[in-house]
Amino acid sequence: MRSADIRRTFLDFFAERGHRVWPSSSLIPNDPALLLTVAGMVQFKPYFLGEATPEHPRAVSIQKCARTVDIENVGHTTRHLTFFEMLGNFSFGDYFKADAIRWAYELSTDGFGFDPERLWATVYKDDDEAFDLWVSQTEIPPERVQRRGREDNYWSMHVAGPCGPCSEIFYDRGPAHGPDGGPVVDESRFLEFWNLVFMQYEQDDDDNVVGELPNKNVDTGMGFERLAMLLQDVPNVFETDVIRPILDHAVELTGKAYGNDERTDISLRVIAEHARSSSFLIADGVLPSNEARGYILRRLLRRVVRHLRLLGSDRLVMPELMAAVIETLGSAWPELVTQRELITRVAAAEEDSFGHTLRTGMGLLSTAIADAKDRGEQRLSGSTAFKLHDTYGFPVDLTLEIAAEQGLTLDRDVFAAEMEAQRHRARTAAKRDEGIGPDVEAYRRAAQDGAVEFVGYERASADGPVTALFDQTGGIERAQEGDEVEIVLPVTPFYAEGGGQLGDHGVIETPTGRLVVTDTVEPLDGLIVHRAQVAAGEVEVGQDAHAFIDTERRAAITRGHTATHILHATLKDELGDHAAQAGSAIDAGRFRFDFPHFSAVSHGQLEHVEGAVNERIAANPEISTQVMTQTEARRIGATALFGEKYGDVVRVVRIGDFSVELCGGTHVDRTPDIGVFSILSEGSIAANLRRIEALTGPEALRYLARERMVAEQVAQLLKVPTDQVVDRVVGLVDRLRATEKELARAREQALLSAAGHLAAGAERVDGAHVLAAAVSGADRDGLKTLALDLRQRLGESVVVLGDVTDDGKAQLVAAVSAELTARGLEAREVLQPGARLVGGGAGGRGEVAQAGGRDGSKLSEALDACRRTARELVLSLS
């Protein structure tokens, strides 16, 4: 059975039995406790925990999932995956064990065609109900229903909350795969493919059952790739039609055959599997970084690059590899096709940048491993791993993996100590703002009173009793003047921060006190919390309260929010569908908008975008809001923003015929109410991530008025009409640059006259020359010219020169001979340690690099560090 037929059969089966088909949620979960979506139940977690009420009691989905806890095992086994599809059916207080078991058996035998004689089931050791249902409702005899303990057949989150027994279905692959005796004997022959979780009990924090749940739930999960392996009768998941085409493309790109050599097979499996995972993560808005889920993506991509290099591929192949993923899976997951350009560009950029790091780091690591073995040691120095990580950007997880391949462990204690020392050095006196609120359990208790009703779409004030007060210690009964607290009301006009829109400000008054609200948040679904300071008197739980928002600030934010929707649509028109919103912050009259893009947006493009947004504002297109199910919203093409919380029922904001987005924020009634839209700036905030800052309304008008006044003043100074200011300034700048070039040439000639003296101070290292020296009175171009001259005089060499500018800043230049660069030694790597010492960074690639920093007093130390690094790098090449 082909993968498309498996998906269709599963969804149709449960849709015919009254289940609502839910689209997969993003791999970026709504749950702050999770980095990635790890199971099909994640998007339904609020329903299982009783934090929200589903519109429909039955659901079925095919969920994208990512788990990297076993990343090192990928490729070494034929079953570990970091990305997988999870097929699941769910009941929220509706059907329970009888229907779940009967339908699972029916679909397995009638729908998927499994031989009933080869099916086994397991139940929790004392779950007699499930045992009897398997025997009475299916053709599986009692001897093929086995009882297992808590470790295998019980589900809980190991905190207070729902829990319950599980029941699993296994398929007997036959004697060739292991001994007889069922799953309790061998889980290689008897392969589990479906897990049914019955949430029927409530437990305390110590995993003790304290009673039965009033509403019992069902959560099932079936690994799609494992199911496809069984239905397609292939030996492992890498042979299925969702992975094998990608693996075959990796074979073509590397020229290595699959199935002839185990080490080659491991690399090919890693390449295919991680390319698939990375494509889905990028398509869902994850970009490479050194933190959180961005680091997970970076690690996956870097493992792909390393295994490509191990197989001898030294050219840029990521775009072709990602194209194979999209071709294989794009019909089932159209977001891969939509985000094709983003996926290929991000992957290619990471391959390009990490290729240089890998080449240098591998040389140094290989030397360190060889030295450790020569000394008869079983562990690699933690200091070596830290230096590779800190100085050369070589990831420690890769160091661990490579060391393990060579039979070495890593001295983790020393590495951890080095990292902690670095963190300590980096800390500042300012402490991170941790807010004034309590822990999540206090919020959960407050949420038991029911969801807070938000009335801010219709009115600016509301009345109701104070239902809860919090400070950092938890719930409190009263607060006095000066106290910073969080306050909960049953009804509120205050918008809680979400979707990029900042929370409302305003005032809450009681008969005895007055609070100034400085922020509004929603720590749990349905629980709106007002962060405030008691400005006068005191406030008690139970008092009547009158709450009203700062309407002027709300109006300014509302203008900006509608403008972000228009900007979002316009950027996609101008740059492509990949330029999807990746973050925003909408404050009064000003907002920032983040989006993926691979290069700076040109001045002409920005001008066109700004003009198009203003034209759309002036055209006064209809703005409408509609409440519908999430499935209906997706069906009409509504855009869902990554990382935002969307429930079963969503609010859709439509602007004209160009923008349809899921959005819970506030918006203007007419686009002309926005007034003027003006872009302040556009720039990079991370690799492949750009940011636009803009103004709207009166704030934009004031900004433009100031700009006009400045232009008029400049025109008066230059004695030209305003429309000729630019041409006049360009002429003056050209003349200034010509004069500066003449001065620079004179300085260079003076510097070059000292080249012979400097060359005499070069140090001989393993057949090459290493020179690091300070030069006075040179600008950066002069330093570069002198460094290149010295490199030519010395032949095979590394030259580092530095100077301190008039304002006390350090500047450094490195030049490496072509012979050394061809062997993997790059100028930027030589400069990095020195750049850190002077408080800056190094840039450049290949033979020439430059660096600068604010602390010129440490130039001498920086040059010494560069000299040591150059020596080590040269020696590592031998």
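## A sheet and its setting

In this predicted model, 3 strands in the order β25-β26-β27 form an open sheet, and their pairing is antiparallel. The edges of the sheet are taken by β25 (623–629) and β27 (659–662); each has a single partner strand, so one side of each is left without a neighbour in the sheet. On average, and with direction ignored, neighbouring strands of this sheet are turned by 25 degrees against each other.

Strand β26 covers residues 649–655 and is joined to β25 by 7 bridges, the two strands running antiparallel. Within this part of the sheet, Q626 stands opposite V652 in β26.

The setting of this sheet is a protein with 26 helices and 35 strands. For 878 residues, a compact globule would have a radius of gyration near 29 Å; the protein has 32 Å, which agrees. The table lists further values for the whole protein.

| Property of the protein | Value |
|---|---|
| Span of the C-alpha trace along the principal axes | about 100 × 75 × 50 Å |
| Residues that count as buried, of 878 residues | 51% |
| Accessible surface | about 38700 Å² |
| Part of the accessible surface belonging to carbon and sulfur atoms | 47% |

How much do residues 24 or more positions apart account for among the contacts with a separation of 6 or more? Such residues account for 68% of these contacts in the protein.

Notes:
Residues are numbered from 1 along each chain as its sequence is written. This is a predicted model: local features need pLDDT of at least 70, side-chain atom pairs count only at pLDDT 80 or more; totals for chains, interfaces and linings use all residues. Side-chain values use heavy atoms; hydrogens and water are left out. Two strands pair if DSSP finds at least two bridges between them. Helices (H or I, at least four residues) and strands (E, at least two) are DSSP runs, numbered from the N terminus. Axes are lines fitted to C-alpha atoms, for helices over the stretch in contact, and angles run from 0 to 180 degrees between N-to-C directions. The radius of gyration is taken over C-alpha atoms; the globule rule is 2.2 Å times the number of residues to the power 0.38. Buried means under 20% relative accessible area, exposed over 50%, partly exposed in between (1.4 Å probe, protein chains only). Contact means heavy atoms within 4.5 Å. Accessible areas come from the Shrake-Rupley method with a 1.4 Å probe; for residues, only the protein chains shown count as cover.
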